[in-house]
Amino acid sequence: ITKPFNTKILVTRCHNLINGRQQLQKSYCTGEVQSHQLATNPYDQQLLEKAVEIIEHNITNPDFDINVFAREMCMGRTKLFTKIRGITGQTPNNLITSIKMKYARKLLIESREANIEEVAMNAGYSDCNYFIRQFKKIYGQTPWQYRKSHIGMGI
């Protein structure tokens with residue numbers, strides 16, 4: 001914006017930037033956007049890639065929690081929370097959950113012979129009912145409904 005500028009234009013542009021960022025963060029949660037599209041600078045991109053790598057490495061571990069995550073990221077819990085929240089708009093726990101759910105969604109389609117309990121265990125959930133509730137909260141349908149609706153679609 002060139003000077004002198006209209007304050008309405010400035011406020012509108014700021015509003016559009018914030019809304020765009022929030023939409024990008026929501027798209028990341030559902031798997032529509034990759035990490036390199038979300039991070040705005042190389043440091044954030046590297047940090048997010050490392051975080052995703054650590055989560056994916058521990059994806060089958062039901063004991064993987066925020067304390068283990070912070071330790072493997074070589075950060076304190078507060079710093080980890082601030083950085084992850086700033087980049088993704090999610091808490092570290094929500095990031096862990098969303099990555100586990102993306103993996104579970106992939107397993108539901110690719111491993112059709114596996115039952116829902118096996119998918120839950122492979123995604124790092126020891127409680128199948130909790131897994132089903134979390135899956136439904138994110139994708140709007142149970143894992144069984146999701147699998148049934150995507151059979152034959154090749155997704």
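**Figure 1. Crossing of helices α6 and α9 in the predicted model.** The axes of helix α6 (residues 92-110) and helix α9 (residues 143-150) come within 9 Å of each other and cross at roughly 50 degrees. Axes are lines fitted to C-alpha atoms, for helices over the stretch in contact, and angles run from 0 to 180 degrees between N-to-C directions. Helix α6 is therefore oblique to α9 (angles under 35 degrees count as roughly parallel, over 145 as roughly antiparallel, 65 to 115 as roughly perpendicular and the rest as oblique). The crossing of α6 and α9 is right-handed, a term applied if the near helix is turned clockwise from the far one by less than a right angle. Helices are DSSP runs (H or I, at least four residues), numbered from the N terminus. The model is predicted: local features need pLDDT of at least 70, side-chain atom pairs count only at pLDDT 80 or more, and totals for chains, interfaces and linings use all residues. Residues are numbered from 1 along each chain as its sequence is written, and side-chain values use heavy atoms, with hydrogens and water left out.

**Figure 2. Residues joining α6 to α9.** From α6, the residues R105, L107, L108 and I109 meet P143, Y146, R147 and H150 of α9 (contact means heavy atoms within 4.5 Å). By class, the contact of α6 with α9 comprises five nonpolar, one polar and two charged residues. In this scheme, Ala, Val, Leu, Ile, Met, Phe, Trp, Tyr, Cys and Pro count as nonpolar, Asp, Glu, Lys and Arg as charged, and the others, Gly among them, as polar.

Figure 3. Leaving aside neighbours within four places in sequence, F135 is in contact with M101, R105, L108, G140, Q141, T142, P143 and Y146. The C-alpha atoms of F135 and Y146 are separated by 9.4 Å, with the two residues 11 apart along the chain.

**Figure 4. Side chain of T88 in helix α5.** T88 counts as buried, at 1% relative accessibility. A polar atom of the T88 side chain lies 2.8 Å from the backbone oxygen of I84. The backbone nitrogen of Q90 lies 3.1 Å from a polar atom of the T88 side chain.

**Figure 5. C74 in the loop between α4 (66-73) and α5 (77-88).** Although C74 is not a glycine, this residue has a positive phi of about 60 degrees. C74 is exposed, with a relative accessible area of 68%.

How values were computed. Helix = DSSP H or I, 4+ residues; strand = E, 2+ residues; numbered from the N terminus. Buried < 20%, exposed > 50% of the residue type's maximum accessible area, 1.4 Å probe, protein only. Polar contact = N/O pair within 3.5 Å; in protein donor to acceptor, adjacent residues only side chain to side chain.
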